[in-house]
Amino acid sequence: MYSITPYSRLSRAPGRLHCPCRATITTRPSTATPPRLDDVTLMKPINIAIDDPSSLRSTWSHRAWVATGFASVLTSLAKSVAAAADSGSFVEPLLAAYVGYVLADLGSGVFHWAIDNYGGPSTPVFGSQIDAFQGHHRWPWTITRREFANNLHALARAVTFAVLPIELLLNAGGGAASHAFVGTCAGCVMLSQQFHAWAHEKKSRLPVAVVALQEAGVLVPRPMHQAHHREPYNNNYCIVSGAWNGVLDEYKVFEAIEMAIFFRFGVRPRSWSEPRSEWREEAEDTTTA
Ligand SMILES: [Zn+2]
Ligand SMILES: [Zn+2]
């Protein structure tokens, strides 16, 4: 019989699987060839020592999507300010904005955990992102080489398609608080890729203000995210502020969900396996960078 014991409490003998149960691993072994960046891939890393460095640059398409994403977010925030000015109260929209920021961090963690652990490159809709996240684990430093719009365009496009219909619905009865929540949450989701890139950057290369925000916990701190890229590769998934990482990891929330999914569907997450090549970071080749 299977034991309902979180795998993290089991012994981790080298070369053996953590989970005592046998199940078919649904993921495809990664190839040795680094993935290429394309226009529709989220977090797609590049081994620039091997691949084409020009694919790290922003295209006009990337810039256009980032512009529409920012326009959507700023429209929500402007409506919130206008409604708050009309009502004379900024307390509710400020609280709603804070809730949006907090939930964006939780959302970033849930999404990151899901695509880190389930599915594969052929999964509908999310396949390219799943593949890209696996590539990010292997060549994490490439995220710091990407230009701003190149890094953000996929999330900006998602935000554009999500926020515009929500704002149309809110026009019928939305107040300052609802616009503030939508604008802040969507803005944090869109910018999470930039926060993620900053978490991988050398401290000496970051603006002083960014370092201060990271150290204050407003943005995901660099040491916190770097722990995600070390064994056992099953924690610190949140990348906006990282505020949820402590409680999610301490109470093993994702591990409990993984166990529930395994016993219900027989699908094992990638993080239950001993780190294989796709989880291990490869050292940057600086001789040709
Ligand atoms: Zn990850
Ligand atoms: Zn990372």
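**Reading helix packing and the core**

Author: The protein chain has nine helices and zero strands, helices being DSSP runs of H or I with at least four residues and strands runs of E with at least two, numbered from the N terminus. This is a predicted model, in which local features need pLDDT of at least 70, side-chain atom pairs count only at pLDDT 80 or more, and totals for chains, interfaces and linings use all residues. Residues are numbered from 1 along each chain as its sequence is written.

Reader: Thanks! At what angle do α2 and α5 pack, and how far apart are their axes?

Author: Two packed helices are described by the angle between their axes and the distance between the axes. Here α2 (residues 91-117) and α5 (residues 176-200) pack at about 35 degrees, with axes 7 Å apart; axes are lines fitted to C-alpha atoms over the stretch in contact, and angles run from 0 to 180 degrees between N-to-C directions. Among the residues making the contact are Gly100 and Leu103 of α2 and Phe181 and Cys188 of α5, contact meaning C-beta atoms, placed from the backbone, within 7 Å.

Reader: And which residues have the most contacts inside the largest nonpolar core?

Author: In soluble globular proteins, nonpolar side chains tend to be buried together. A nonpolar core is a set of buried Ala, Val, Leu, Ile, Met, Phe, Trp, Tyr and Cys residues joined through C-beta atoms within 7 Å, and buried means 20 or more other C-beta atoms within 10 Å of a residue's own. The largest core here has 42 residues, and those with the most contacts inside it are Val159, Ala186, Val189, Met190, Phe195 and Val220. Helix α5 gives the most to this core, with 15 residues.

Reader: What does Val220 touch?

Author: Leaving out residues up to four places away in sequence, its partners include Phe195, Cys238 and Ile239.

How values were computed. Chains lettered and ligands numbered in written order. Contact = placed C-beta atoms within 7 Å. Buried ≥ 20, exposed ≤ 12 C-beta atoms within 10 Å, placed from the backbone.
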